[in-house]
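Please read these points beside the sequence and the model. They take the contact between the chains, then the metal site, then the chains themselves.

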Amino acid sequence: MTEESTTPAIVLEKVSKRFGRKVVLDELDLTVAKGESLVVLGKSGTGKSVLLKHLIGLLEPDSGKVLIDGEDLWSLSEEERGKRRRKFGMSFQEGALFDSMTVGENIAFPLQRHTKMSKDEVAARVAECLDLVKLPGAESKKTSELSGGMRRRVGFARAIALTPQILLFDEPTTGLDPITTDVITKLILAMRDKLNPTAVTITHDLKVAFTIADRVALLRDGRIVMDLPPKEFEAVDDPHVKAFVAGDSSFEDPEETTLR
Amino acid sequence: MKRFLEALGGFVLTLLETSGRFFILTGQTIRGFLKPPYEIGLWAKQFVRVGIDSVPVVLTTALFTGGVLALQTYKGFERFHAEGYVGSVVALSMLRELAPVLTGLMVAGRAGSAMAAELGSMRVTEQIDALVSLATDPVKYLFVPRVVAATLVLPMLVILADAVGMMGGYLVAVNLLGANPVQYEINSFQYLAMEDFTSGFIKAGVFGALIALIGCQQGFDTRGGAEGVGRATTSAVVMGSLAVLVADFFLTKVLF
Ligand SMILES: Nc1ncnc2c1ncn2[C@@H]1O[C@H](COP(=O)(O)OP(=O)(O)O)[C@@H](O)[C@H]1O
Ligand SMILES: [Mg+2]
């Protein structure tokens, strides 16, 4: 039991990834303890999404290891890897909702595929998840009717349907207005209280970062160049960090960050 | 000349790369198909979609092809007083060749492209990543139902096309060209063997599998936003149609 609780939830060991000639991750090391909330900052196009996709095994590193609860993801068979993915809930940049389904069907999807719940139990769990993201009664809405903020929230609801131990958020507030950003931030805090998961969040928004983080990391040139608690991060005397903190991510065109 | 060679080289490279991906994904599709659970509900949904997508265009094609076949052969056969055989020619060509191939081409244009567009837009909006993140094998979930559906639907469409094509021939011969209806009908079936029908039927199944696999693969491997989806859709149609024509030749030669 003690050993179990001291094994970090996520360990990346010298993970490298390149696309063509472009090196995106360069021998990156990272550890996230169980129950910890890590926020990763970085300019657009530095590979934050690529990093997040390595954690859940959506991308395979060219070299290096990804350990989840001490298990090397890529030494497992594809089927076993699939099972490990149930530990995760991932929220994508634009929600990535299945547009052939309603909101309710989106959230029911993982429940129907991975549990033996009855129809009523699924419906109850869907309603519960929608309550948690403050969208009660939205089951029968089409995904095309939703605003950007609502899409993210439905994405959250789908990600937490199976009560995962690890939550991954890819730019949950990018492109949203300040009020909606605040709503989403509070939601993330509420989900942390309720599920007590390990969480990795990518964001451009320093206010969001400092609100939800236990630790803040800065990704630059394929590596984590700074990794500190929020208070120390804010005060740190490093030109890159200062540039990022003072350089005001709010001046960046939020749309630009949504391009891949 | 240099540009032509460059283009040719590029084409060959792309072809090799694509066929590599094609075989890998075909293997995964077969594995996904064999491994339980068998998601019959998903298969049925695609079956209806591929079928309904394609029925109108397949029927129209068959009707007019049967008709024009009757017109042309009538004109030709009249010259050596063999008008009586028009029915046989129409029936044989439809069953053995034209119904399966034209149905294949139409389904490649209609359903193959729709598959590429759908999977392509799922790829660029990260819905395929979302599937994987929800511990779902995207090949089993997306490819298998479409390939199974197309493999089963195409032979059925071909039966329809056979019937409608022969009817088209009959209408033209009897109503426009004044052939004797009773004789035309007798003549249509007189020289038909069972294998004329089964060969077209089996071909159609192979075409269906190829069209769906190509459409799904093109969509699945889409890169680069909305433009990429457009490219995937186009090449699903082009490659699907080519695959039908090439496979038709070899199937005809080897099997029947
Ligand atoms: N599947 C892919 N194929 C090729 N290049 C990719 C792929 N995914 C990401 N990239 C490239 O990797 C770099 C980092 O992308 P990304 O992680 O999306 O950046 P961000 O930090 O804005 O999330 C970009 O230059 C992008 O073009
Ligand atoms: Mg990103």
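Predicted model: local features only at pLDDT ≥ 70, side-chain atom pairs only at ≥ 80, totals over all residues.

Residues are numbered from 1 along each chain as its sequence is written, chains are lettered from A and ligands numbered from 1 in the order in which they are written, and side-chain values use heavy atoms, with hydrogens and water left out.

1. The interface in outline. Chain A brings 22 residues to the contact and chain B brings 15 residues, contact meaning heavy atoms within 4.5 Å. About 1600 Å² is buried between chain A and chain B, and carbon and sulfur atoms give 56% of that area; buried area is the accessible area (1.4 Å probe) that two parts lose on being put together, summed over both.

2. Charged pairs across the interface. Between chain A and chain B the count is three salt bridges, each defined as a side-chain nitrogen of Lys or Arg within 4 Å of a carboxyl oxygen of Asp or Glu. R113(A) and E39(B) meet through their side chains in a salt bridge, at 3.0 Å from N to O. On the side of chain A that touches chain B, the elements giving two or more residues are α3 (78-84), β6 (88-91) and α4 (103-114) of chain A, and α4(A) supplies the largest share, four residues. Helices (H or I, at least four residues) and strands (E, at least two) are DSSP runs, numbered from the N terminus. By class, this side of chain A has eleven nonpolar, three polar and eight charged residues, with Ala, Val, Leu, Ile, Met, Phe, Trp, Tyr, Cys and Pro taken as nonpolar, Asp, Glu, Lys and Arg as charged, and the others, Gly among them, as polar. A network of salt bridges links K53(A), R123(B), E126(B) and D129(B).

3. The metal site. S49(A), through OG, and Q93(A), through OE1, coordinate the magnesium ion (ligand 2) at 2.0 to 2.7 Å. Because S49(A) lies in helix α2 (residues 48-55) of chain A and Q93(A) in the loop between β6 and α4 of chain A, the pair ties together parts that are 44 residues apart in sequence. S49(A) is buried, at 16% relative accessible area, and Q93(A) also counts as buried, at 7%; buried means under 20% relative accessible area, exposed over 50%, and partly exposed in between (1.4 Å probe, protein chains only). Donors are N, O and S atoms within 2.8 Å of the metal (3.2 Å for Na, K and Ca), and since water is not among the atoms, sites may look incomplete.

4. Salt bridges within chain A. Over all chains the count comes to 28 salt bridges. One of them joins the side chains of D26(A) and R223(A), at 3.9 Å from N to O; because D26(A) lies in strand β2 (residues 22-32) of chain A and R223(A) in strand β10 (residues 223-228) of chain A, the pair ties together parts that are 197 residues apart in sequence. D26(A) is partly exposed, at 28% relative accessibility, as is R223(A), at 38%.

5. The fold of chain B. Chain B has eight helices and zero strands, and its C-alpha trace spans about 65 × 55 × 30 Å along its principal axes. Of the 256 residues in chain B, 48% are buried. E195(B) forms a salt bridge with R96(B), with the closest N and O atoms 3.5 Å apart.

6. A residue in helix α2 of chain B. T73(B) lies in this helix, residues 40-78, and counts as buried at 13% relative accessibility. Leaving aside neighbours within four places in sequence, T73(B) is in contact with E78(B), V86(B) and V89(B). A polar atom of the T73(B) side chain lies 2.5 Å from the backbone oxygen of L69(B).

How values were computed
Polar contact = N/O pair within 3.5 Å; in protein donor to acceptor, adjacent residues only side chain to side chain.
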